[in-house]
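Here is a short report on a protein model. Please look over the sequence and structure before reading on.

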Amino acid sequence: MNDVYSFYKLINNYQIEIPIIQRDYAQGRRNVRAADVRKSIVHSMIEAVKGEKELFFDFVYGRIIGNKFIPFDGQQRLTTLFLFHKYIFERSKKSSICQNNERFHYKDILKRFSYTTRQSSKEFCEKIVEENVIPLQGELSENVKNQSWFFPDWEKDPTIMGMLTMLDEIHNQLKRDFDFNDFAEKLTNKCSCPITFLFVDMGEHQLTDETYVKMNARGKTLTPFENFKASLEQFLEERKEPGLLARLKGTYDEISKMHTGVDGIWMELFWDIVNPTNENNKEKKIARRNNDEFRQ
């Protein structure tokens, strides 16, 4: 399976379960870099549902087990989309209707999203689906923490606190009067949702868990240069200067190829060393040690 999906389409087809091996929800962290990312993502989602510009969230891949989808990559984006849908659906104040006139109540749909990293995270997801969380005034997170169903110990769970921080950002950017019914209609439109991603089933493509480990073992955050590059490219695209953008991207592509090649070589080397699956690996390791490319 390799197709363009929306969050609504995915959660209709499968229960989404964030596995225990995944890290905590990071897009809600309280630091400058996370705050910049959070503001940008929420702004982009709002622009998409307003009809200004479609938003493509790259790849989401994982494994389908029965009727569950277990994401290996895309946890952060799926959680953000879960929170965004929750907020929009609650503000719409009615069940949304798709183009095919299929009615649903948002609580029944969003219950299909859960965390298994901690029991507290799982219970919190269930509660915010069931309860109204948007305050008449003040901060959304403070309103939630003051509810009788919110356990004080939940404040020690970084995923829960990250979700509340993201909900605060969504609430701050959507305080003005918007047509939330229209937003809900767009998010639940199976044919032309403005926020999409490429959905990849690793089982169907016969990708092993080793693939996931290799791709995620380094777990590095973006460097300041990489963030600058993304911001600069976005600025130039908005300024409609394709000539300059093309010249800059040519330089970036050369740097990217160099780093990708080096990283790939070293990652394969150490992967084979710690995973000696057959006798051929010994010969490979000897050859690699004698190769000038690995001495540098």
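## Basis

Helices (H or I, at least four residues) and strands (E, at least two) are DSSP runs, numbered from the N terminus. The model is predicted, so local features need pLDDT of at least 70 and side-chain atom pairs count only at pLDDT 80 or more, while totals for chains, interfaces and linings use all residues. Residues are numbered from 1 along each chain as its sequence is written, and side-chain values use heavy atoms, leaving out hydrogens and water.

## Overall build

The protein has 13 helices and 6 strands. Of its 296 residues, 42% are buried (under 20% relative accessible area, 1.4 Å probe, protein chains only). Contact means heavy atoms within 4.5 Å. Among contacts with a separation of 6 or more, 73% join residues 24 or more positions apart.

## Nonpolar cores

A nonpolar core is a set of buried Ala, Val, Leu, Ile, Met, Phe, Trp, Tyr and Cys residues joined through side-chain atoms within 4.5 Å. The largest has 58 residues. Phe84, Phe113, Phe124, Leu174 and Ile195 touch the most other members. Helix α3 (residues 75-92) gives the most to this core, with 8 residues.

Leaving aside neighbours within four places in sequence, Phe84 contacts Met45, Ile46, Val49, Ile170, Leu174, Leu187 and Ile195. A second, separate core has 5 residues, including Tyr61, Ile70, Val200 and Met202.

## Glu90

Glu90 lies in helix α3. Is Glu90 buried or exposed? Glu90 counts as buried because its relative accessibility is 10%. Beyond neighbours within four places in sequence, Glu90 is in contact with Tyr106, Glu131, Asn132, Val133 and Ile134.

Conventions. Buried < 20%, exposed > 50% of the residue type's maximum accessible area, 1.4 Å probe, protein only.
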